Amino acid sequence: MSPDDLKKLAAARALELVTPGMRLGLGTGSTAKHFVDLLGARVAEGLDVICVSTSEVTEAQARALSIPMSTLEETPELDLTIDGADEVDSDLRLIKGGGAALLREKIVAAASARMVVIADDSKLVATLGRFPLPIEVVPFGLEATRRAVVAAIASVGAAGEIVLRRKPDGSVLVTDGGHYILDAHLGAIARPEALAAALCVIPGVVEHGLFLGLASAAILAGGAGLTIVGTLD
């Protein structure tokens with residue numbers, strides 16, 4: 001099966017968790033896109049749900065499929081969020097933010113009773129950090145914030161190149177919230193909890209892509225079928 005087929009397989013399994021009347025958080029990214037497509041087909045068949053998106057891209061996709069949408073102002077408590085991940089370890093610690101939606105993704109996940117990750121099994125790693133860690137920052141004082149980020153990373157025994165994310169045309173990528181993203185190429189993060197704590201106290205850091213204690217399960221699709229990390233109950 002192709003990587004895209006594997007993503008669809010994981011998304012289809014996650015759809016089985018959705019029941020009528022649920023309040024759902026809809027993730028962002030290539031795997032989450034498959035889930036939204038499948039959910040749209042179920043809604044067309046009569047499934048009654050209300051959803052909150054994690055990005056403007058997902059919002060547009062869901063509305064095009066006539067999925068009933070809400071906001072966290074109107075629906076502040078969600079039953080379930082289905083989202084992808086750039087990396088996941090055996091303790092369900094995640095790196096997210098490859099699609100530049102980490103801030104809204106984390107807010108939606110935190111508002112949910114459960115978060116279930118869907119991905120192909122290449123995203124399962126022994127140690128987080130092979131995928132660059134996204135760190136969302138305010139534009140003001142960028143260089144001062146970058147230096148503080150470097151120091152925070154060094155304080156937990158990690159190191160690597162810190163790169164301002166740009167679009168293909170070379171312009172700086174701006175998130176839905178109007179922020180920039182610094183990608184930390186660390187290779188390995190031996191102490192993710194310590195790094196998360198160090199980044200959170202930097203004034204210019206809005207959010208980071210370490211999702212710790214948020215996911216209750218991960219559905220990972222591979223050549224041998226589906227692997228479940230955690231519990232889907």
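A charge counts as sitting over a ring if NZ of Lys or CZ of Arg is within 6 Å of the ring centre and within 35 degrees of the ring normal. By that test, the charged end of Lys 96 sits over the ring of Phe 211, 5.6 Å from its centre. Lys 106 lies over the face of Phe 211 too, at 4.8 Å from the ring centre. Aromatic pairs, by contrast, number zero in the structure; such a pair would need ring centres of Phe, Tyr or Trp (its six-membered ring) within 6.5 Å, with planes under 30 degrees apart called stacked, over 60 edge-to-face and the rest tilted.

A word on the ground rules. This is a predicted model, in which local features need pLDDT of at least 70 and side-chain atom pairs count only at pLDDT 80 or more, while totals for chains, interfaces and linings use all residues. Residues are numbered from 1 along each chain as its sequence is written, and side-chain values use heavy atoms, with hydrogens and water left out.

**The six-stranded sheet**

Helices (H or I, at least four residues) and strands (E, at least two) are DSSP runs, numbered from the N terminus. Two strands pair if DSSP finds at least two bridges between them. On that basis, six strands make an open sheet of mixed pairing, in the order E2-E1-E3-E6-E12-E13. Its edge strands are E2 (50–53) and E13 (225–230), each of which pairs on one side only. From one strand to the next the twist averages 20 degrees. Here axes are lines fitted to C-alpha atoms, for helices over the stretch in contact, and angles run from 0 to 180 degrees between N-to-C directions.

Strand E12 (residues 217–222) runs antiparallel to E13, joined by six bridges. Helix H1 (residues 3–15) lies across E3 (78–83), E6 (112–120), E12 and E13, at about 140 degrees to E12.

**Helix H2**

Helix H2 (residues 30–44) has 15 residues and spans 22 Å from its first C-alpha to its last, close to the 21 Å expected at 1.5 Å a residue; the expected span is 1.5 Å times one less than the number of residues. Buried means under 20% relative accessible area, exposed over 50% and partly exposed in between (1.4 Å probe, protein chains only). The buried residues of H2 include Phe 35, Val 36, Leu 39 and Val 43. Its buried residues pack against H1, E1 (23–26), E2, helix H3 (56–64), E3 and E6, where contact means heavy atoms within 4.5 Å. After H2 comes Gly 46, with a positive phi near 120 degrees.

**Antiparallel pairs elsewhere**

Another open sheet, of three strands, has the order E4-E5-E11 with antiparallel pairing. E4 (87–88) and E11 (210–211) stand at its edges with a single partner strand each, so one side of each is left without a neighbour in the sheet.

| Strand pair | Bridges | A residue and its bridge partner |
|---|---|---|
| E8 (161–164) and E9 (180–185) | four | Leu 164 with Leu 182 in E9 |
| E7 (133–137) and E9 | five | Val 137 with Tyr 180 in E9 |
| E5 (94–95) and E11 | two | Ile 95 with Leu 210 in E11 |

Glu 161 stands opposite His 185 in E9.

**Loop residues worth a look**

Most residues other than glycine have a negative phi. Ser 66, not a glycine, has a positive phi of about 65 degrees. This residue is in the loop between H3 and E3, and Ser 66 counts as exposed because its relative accessibility is 56%. Ala 100 also has a positive phi, of about 70 degrees. Ala 100 sits in the loop between E5 and helix H4 (102–110), and is buried, with a relative accessible area of 12%.

Val 138 lies in the loop between E7 and helix H5 (142–155). At a relative accessible area of 27%, Val 138 is partly exposed. Leaving aside residues up to four places away in sequence, Val 138 touches His 179, Gly 204 and Val 206. Ala 190, in the loop between E9 and helix H6 (192–200), counts as exposed at 71% relative accessibility. Its C-alpha is separated by 22 Å from that of Gly 84, 106 residues apart along the chain.
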